[in-house]
Amino acid sequence: MEQLFADVDAWGFCYLLTVSDDGRPHALALHPVVVERGAGRVLRLDAGGGRACRNAAARPQVSLVFPPGESGMSLVVDGVAAGSGNVVDVAPTWAVLHRAAP
């Protein structure tokens with residue numbers, strides 16, 4: 001995860017994927033920043049206090065999808081969300097690079 005935290009600025013924006021009360025996915029484009037929280041680091045997203053914040057509070061398993069960068073690879077990050085108000089903090093649990101479709 002150290003490489004993820006080191007490279008997050010270079011990836012730019014990501015889509016925060018949450019799940020609504022009725023089980024449908026919800027995507028919101030945001031710019032994450034790395035912050036210290038407790039004994040570790042998290043990706044902090046200013047989600048504006050709307051549906052994404054409510055979804056993440058109710059169902060904290062979320063994903064972040066960073067669109068393809070210069071390498072042509074996308075970055076997918078799974079994590080556990082926490083936060084309050086307008087902010088969602090995501091503690092990454094898994095990350096993988098995906099190549100573009102042929």
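**Close-up views of the predicted model**

View 1. Asp 89 is buried, with a relative accessible area of 4%; buried means under 20% relative accessible area, exposed over 50%, and partly exposed in between (1.4 Å probe, protein chains only). This is a predicted model, in which local features need pLDDT of at least 70 and side-chain atom pairs count only at pLDDT 80 or more, while totals for chains, interfaces and linings use all residues. Residues are numbered from 1 along each chain as its sequence is written, and side-chain values use heavy atoms, with hydrogens and water left out. The side chains of Asp 89 and Arg 37 form a salt bridge (3.7 Å, N to O), the term for a side-chain nitrogen of Lys or Arg within 4 Å of a carboxyl oxygen of Asp or Glu. Because Asp 89 lies in strand S7 and Arg 37 in strand S3 (residues 33-37), the pair ties together parts that are 52 residues apart in sequence. Arg 37 counts as partly exposed, at 34% relative accessibility. Salt bridges with shared partners join Arg 37, Arg 44 and Asp 89 into one network.

**View 2. Two further salt bridges.** The structure holds five salt bridges, and one of them joins the side chains of Glu 2 and Arg 41 (2.1 Å, N to O). This pair links distant parts of the chain, with Glu 2 in helix H1 and Arg 41 in strand S4, 39 residues apart. Helices (H or I, at least four residues) and strands (E, at least two) are DSSP runs, numbered from the N terminus. Glu 2 is exposed at 53% relative accessible area, whereas Arg 41 is partly exposed at 31%. The side chains of Asp 21 and Arg 59 also meet in a salt bridge (3.1 Å, N to O). Asp 21 lies in the loop between S1 and S2 and Arg 59 in the loop between H2 and S5, so the bridge ties together parts that are 38 residues apart in sequence. Asp 21 is exposed at 71% relative accessibility, and Arg 59 is partly exposed at 26%.

**View 3. The two sides of helix H2.** The buried residues in H2 include Ala 52, Cys 53, Asn 55 and Ala 56. They lie on the same side of H2 because they cover an arc of only 165° around the axis, the arc being that of the directions from the helix axis to the C-beta atoms. On the other side of H2, Arg 54 and Ala 57 are exposed. The cover over the buried residues of H2 includes S1, strand S2 (25-30), S5, S6 and S7.

**View 4. The surroundings of Asn 55.** Asn 55 belongs to helix H2 and is buried, with a relative accessible area of 4%. Apart from neighbours within four places in sequence, Asn 55 is in contact with Thr 18, Val 19, Ser 20, Asp 21 and His 26; contact means heavy atoms within 4.5 Å.

**View 5. The largest nonpolar core.** This core has 21 residues, and those with the most contacts inside it are Leu 16, Leu 45, Leu 64, Phe 66 and Val 88. Two or more residues each come from helix H1 (2-11), strand S1 (14-19), strand S4 (40-46), helix H2 (51-58), strand S5 (61-66), strand S6 (74-82) and strand S7 (87-98). H1 gives the largest share, four residues. A nonpolar core is a set of buried Ala, Val, Leu, Ile, Met, Phe, Trp, Tyr and Cys residues joined through side-chain atoms within 4.5 Å. Leaving aside neighbours within four places in sequence, the contacts of Leu 45 include Leu 16, Leu 30, Leu 64, Val 87, Val 88 and Val 90.
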